[in-house]
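Subject: Structure for your files

Hello,

Here is the structure you will be working with. My notes on what was found follow below it.

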Number of protein chains: 2
Amino acid sequence: MMLAQGYRMTQLVKRAAAENGTGTSTIMDDRTRTWDETCDRVARLAAGLHSMGVTRGCRIAILALNSDRYFEALFAIWWAGCEVVPVNTRWAAAEVAYSLNDASVNTIFFDAVFAQMVPELTRDCGALNHAVFLGAENEAGGAIAHDQLIADNTPMIDASQSGEELAGVLYTGGTTGFPKGVMLTHTNLWANTQSVFTDFYLKTGCCGLHVAPMFHAADLVQSLTVTAKMGTHVFLPSFNPETTLKAIHHHKVTCVLMVPAMIKMVLEHHGSADYDLSSVETVMYGASPIPEVVLRGAMELFHNAGFLQVYGQTELAPIATLLKPEDHVLDGPLTMQLRSCGKAVSFTEMAIVDEQGVPQPDGVQGEIIVRGPGVMRGYLNKPDQTAATLKNGWLYTGDGGYRDKNGFYYVSDRMKDMIVTGGENVYSTEVENAVMGHKAVAGVAVIGIPDDEWGEAVHAIIILKDGTKLKGDDLIKSIKDHCKEQIAGYKCPKSISFRKEPFPLSGANKVLKTELRKPFWDGQTRGVN
Amino acid sequence: MMLAQGYRMTQLVKRAAAENGTGTSTIMDDRTRTWDETCDRVARLAAGLHSMGVTRGCRIAILALNSDRYFEALFAIWWAGCEVVPVNTRWAAAEVAYSLNDASVNTIFFDAVFAQMVPELTRDCGALNHAVFLGAENEAGGAIAHDQLIADNTPMIDASQSGEELAGVLYTGGTTGFPKGVMLTHTNLWANTQSVFTDFYLKTGCCGLHVAPMFHAADLVQSLTVTAKMGTHVFLPSFNPETTLKAIHHHKVTCVLMVPAMIKMVLEHHGSADYDLSSVETVMYGASPIPEVVLRGAMELFHNAGFLQVYGQTELAPIATLLKPEDHVLDGPLTMQLRSCGKAVSFTEMAIVDEQGVPQPDGVQGEIIVRGPGVMRGYLNKPDQTAATLKNGWLYTGDGGYRDKNGFYYVSDRMKDMIVTGGENVYSTEVENAVMGHKAVAGVAVIGIPDDEWGEAVHAIIILKDGTKLKGDDLIKSIKDHCKEQIAGYKCPKSISFRKEPFPLSGANKVLKTELRKPFWDGQTRGVN
């Protein structure tokens with residue numbers, strides 16, 4: 001392939017600077033920059049990375065809460081010709097170390113919140129040679145400082161990574177208990193970015209608020225789309241209903257991306273009606289359908305906004321379908337569409353297939369499969385799992401569902417054994433591995449159960465070893481504490497129940513989780529992915 | 001690369017059928033079809049091609065005037081996993097044969113206008129095994145008929161050609177006297193198609209009129225963009241001001257693509273004001289800037305339309321810049337922008353470089369270079385010309401120009417020795433080769449001279465051999481007749497002058513065409529590419 005002929009992330013920043021150089025690019029606390037400044041800082045930071053010995057093709061992690069410097073680091077990594085590995089900020093150190101080793105990361109950007117984890121990572125990750133503190137030199141505690149690298153270097157020419165070259169490796173929970181690195185190309189990300197022009201209704205010079213974590217594919221695409229529209233990014237370190245409301249009011253934010261649980265918290269926040277939210281034109285949400293009562297409230301609160309549901313997964317970089325504002329119908333026969341995740345995005349082909357991969361007609365249940373330019377290159381170092389997921393260029397989502405005659409997709413079940421809680425994917429196997437490590441546990445099955453706030457909650461059903469001495473609350477606390485040492489807090493069981501009889505098994509001797517879920521889900525629809 | 005993961009032309013037709021199946025897809029004379037029908041016909045026609053022995057990766061030519069069947073053949077070729085070679089309908093048989101041989105074309109679609117050329121092509125093109133008549137069986141004269149192939153076959157599954165695989169080879173005039181085959185991938189064409197969503201202002205369900213030739217990259221993109229918007233295509237076999245006006249009036253056309261010479265003819269057509277042209281929302285034009293007087297008239301005639309100038313070349317599939325409706329300012333200080341070709345499209349990076357390839361600041365002249373996902377893979381079978389044109393992923397356009405401080409590009413000269421007449425590129429070398437074959441000619445230099453109707457006209461300056469007997473009009477007619485046997489009519493000299501003294505030469509012994517052009521261009525701006 002000819003070098004540099006394809007889509008390229010850095011082109012977005014260059015264009016924003018070329019056409020809106022004096023426009024505001026980023027706002028964080030009291031720091032405000034223009035696109036000219038951001039483009040210049042990115043080119044200097046990339047030069048700084050090269051000055052440290054980083055070369056084209058290196059993988060560079062970012063372990064930090066949301067910030068303008070996170071945004072600069074993201075583009076500097078691409079400008080330097082490298083691949084970004086955004087780290088899940090909720091992971092335990094052992095999980096982070098696993099992913100850094102898996103991706104042979106050689107440099108990490110970190111902020112003050114994660115400074116304590118860095119020595120441990122440096123010890124456990126053989127390839128990790130450099131750590132850059134996302135801040136000024138006087139706060140860096142001796143580490144190389146982001147701002148100093150920018151000050152000390154002159155802008156380099158864009159290393160021109162593009163097209164089918166990897167832009168990054170994004171980790172998701174793994175079905176076998178290990179996180180999987182999703183390899184995404186520049187084309188993958190551009191395809192999703194470009195949907196801003198078709199479906200997101202963002203206007204040139206829009207103002208996007210980053211409250212969802214920037215390490216997620218969903219917010220990553222917001223980083224790209226707002227840049228493609230040469231707009232302004234406002235960053236909050238993490239989600240908080242009050243600061244979210246304040247930021248929207250103060251900066252006249254036009255687009256926000258949240259999961260329904262966040263929208264609900266904003267809605268229920270005391271005094272939310274006192275803020276001026278009339279600037280918001282687009283509310284994007286994903287990870288689960290929005291309860292009707294929340295939607296009604298949110299549409300009143302964000303009274304000028306169109307609502308847009310996104311369904312997808314990291315493997316699609318990440319968009320598969322969109323439920324558009326005009327399809328958010330609250331009254332009449334079309335309200336059922338609210339339970340849909342919308343139609344395939346303009347660049348994507350979707351189908352429903354049976355277990356043999358045969359396409360099914362409208363209305364018939366099957367597995368949702370997707371193909372198109374958003375489909376990942378594969379899982380890093382996991383050829384078997386890649387082969388099981390990518391067949392003939394189609395991505396097998398692991399989600400069950402159907403398509404109606406109008407082209408709307410409905411996700412009815414996840415075929416992968418996975419729980420979605422507060423927008424995060426949790427693979428049952430991973431939790432089961434952690435629980436099984438506890439000395440009192442003989443057997444465990446982890447399932448998702450309905451939760452008003454988080455969509456689903458992680459629930460463990462445990463069979464105890466004979467002669468276990470711990471009992472009641474002490475036992476539960478002991479198991480939960482044990483899990484927290486192994487895996488991220490959001491993956492740990494929120495509730496635990498015990499059973500004496502063996503688990504119901506399928507013909508293939510697999511635990512029949514559908515049976516275990518039944519008593520919890522009776523009369524409720526299970527959330528979509 | 002994983003199979004079928006990228007952008008794919010067939011997805012456009014599939015989506016139009018999935019989401020607007022009962023909407024009108026194509027209109028030609030009294031034939032009207034829906035997207036469901038078109039998608040079905042395309043899938044059957046592809047199966048028909050396979051039934052004839054065509055396989056994935058074959059190259060298939062189309063030699064025909066515009067029609068709905070041309071459109072079906074285009075998508076069927078992709079559906080069958082093949083590459084399209086759209087043939088310039090104005091070429092002489094020898095030029096067509098050269099391109100079919102160069103591309104090892106094994107199947108050709110042809111219509112009644114070109115039926116007579118097919119036996120000659122079959123004789124001269126070794127790989128050409130199949131010819132399909134773009135019509136019904138009773139008109140096919142014994143050839144395989146397009147409609148019959150559709151009737152006789154059941155739909156096949158899309159062969160899933162995509163991404164970096166070639167979608168087609170489009171021929172342009174060659175600097176060395178031979179046409180060059182521009183290799184364009186699915187990604188190249190999709191990048192240009194997707195600009196419909198950003199910059200073309202086409203609405204869902206728009207109605208596009210094909211009067212520019214469908215073999216051109218410009219109209220090819222119209223075939224794709226209107227399909228991407230699930231709209232209606234109206235076809236006229238070729239341009240004619242009266243049928244154009246009638247078609248717009250009758251079918252309520254919303255977008256048209258024309259070169260300025262066509263717009264002028266429509267404008268000057270007797271009775272043009274009697275038609276209802278209020279449906280037209282977008283007038284796209286390219287190949288040369290529009291004279292102010294023509295634009296003023298056209299804006300009055302198409303009073304509801306935005307005007308959009310496209311600058312590009314086949315090597316870019318084909319768009320580099322767009323001058324948007326809001327930049328078409330007729331009065332005040334911004335009128336100078338009308339001489340610009342606009343700003344770089346959203347997915348494209350542009351620069352001005354000097355002869356060493358060093359980027360130049362705003363306002364400084366140099367060569368225009370472009371990179372991004374629209375840039376061709378290269379010239380087929382011409383590695384040297386590819387290497388001279390593609391450097392580090394940048395396409396060197398051969399056009400001289402500059403960028404102003406607001407990001408507008410101005411094309412001030414063509415660095416390649418090329419003439420643009422009525423939207424067609426004519427390389428001087430090609431014409432000079434033809435003229436030199438005449439027995440009376442000792443030397444020739446071909447240049448473009450200003451022409452009110454065509455932008456430029458092809459002019460030959462000839463030095464005769466001693467002792468030539470033919471004189472005056474007889475000589476000129478003899479030379480013109482000789483040329484018409486060799487090359488397409490539009491490439492032949494429109495006018496000829498003679499000189500006795502040798503041509504002025506550069507230090508490198510090249511003819512100084514700038515000197516030869518001077519007397520013709522005094523006081524006039526040379527047209528852009």
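Into which domains is chain A divided? Before the answer, please keep in mind that this is a predicted model. Chain A has a domain 1, covering 9-310, and a domain 2, covering 419-521.

Domains of chain A

The centres of domain 1 and domain 2 of chain A, taken over C-alpha atoms, are separated by 33 Å. The two domains of chain A touch: 14 residues of domain 1 are in contact with 17 residues of domain 2. On the domain 1 side of that contact in chain A, five residues are nonpolar, seven are polar and two are charged.

Chain A as a whole

The secondary structure of chain A consists of 15 helices and 27 strands. Along the principal axes, the C-alpha atoms of chain A fill a box of roughly 70 × 60 × 55 Å. For 529 residues, a compact globule would have a radius of gyration near 24 Å, and the 23 Å of chain A agrees with that.

A helix pair in chain A

Helix H10 of chain A (residues 260-268) and helix H11 of chain A (residues 292-301) have axes that come within 10 Å and cross at roughly 60 degrees. H10(A) and H11(A) are therefore oblique to each other. The crossing in which H10(A) passes H11(A) is left-handed.

Which residues make the contact between H10(A) and H11(A)? From H10(A) come A:Pro260, A:Ile263, A:Lys264 and A:Leu267, and they meet A:Val294, A:Gly297, A:Ala298 and A:Leu301 in H11(A). Sorted by class, the contact of H10(A) with H11(A) has six nonpolar residues, one polar and one charged.

The helix pair in chain B

In chain B, helix H10 (residues 260-268) and helix H11 (residues 292-301) have axes that cross at roughly 60 degrees and come within 10 Å. Because of that angle, H10(B) is oblique to H11(B). H10(B) passes H11(B) in a crossing that is left-handed.

On the H10(B) side, the contact is made by B:Pro260, B:Ile263, B:Lys264 and B:Leu267; on the H11(B) side, by B:Val294, B:Gly297, B:Ala298 and B:Leu301. The classes in the contact of H10(B) with H11(B) are six nonpolar, one polar and one charged.

Regards

Methods:
Residues numbered from 1 in each chain as written. Chains lettered and ligands numbered in written order. Predicted model: local features only at pLDDT ≥ 70, side-chain atom pairs only at ≥ 80, totals over all residues. Axes fitted to C-alpha atoms, helices over the stretch in contact; angles between N-to-C directions. Helix = DSSP H or I, 4+ residues; strand = E, 2+ residues; numbered from the N terminus. Parallel < 35°, antiparallel > 145°, perpendicular 65-115°, else oblique. Left-handed = near helix turned anticlockwise from the far one by under 90°. Contact = placed C-beta atoms within 7 Å. Nonpolar A, V, L, I, M, F, W, Y, C, P; charged D, E, K, R; others polar. Domains from an automatic or database assignment. Rg over C-alpha atoms; globule rule 2.2 N^0.38 Å.
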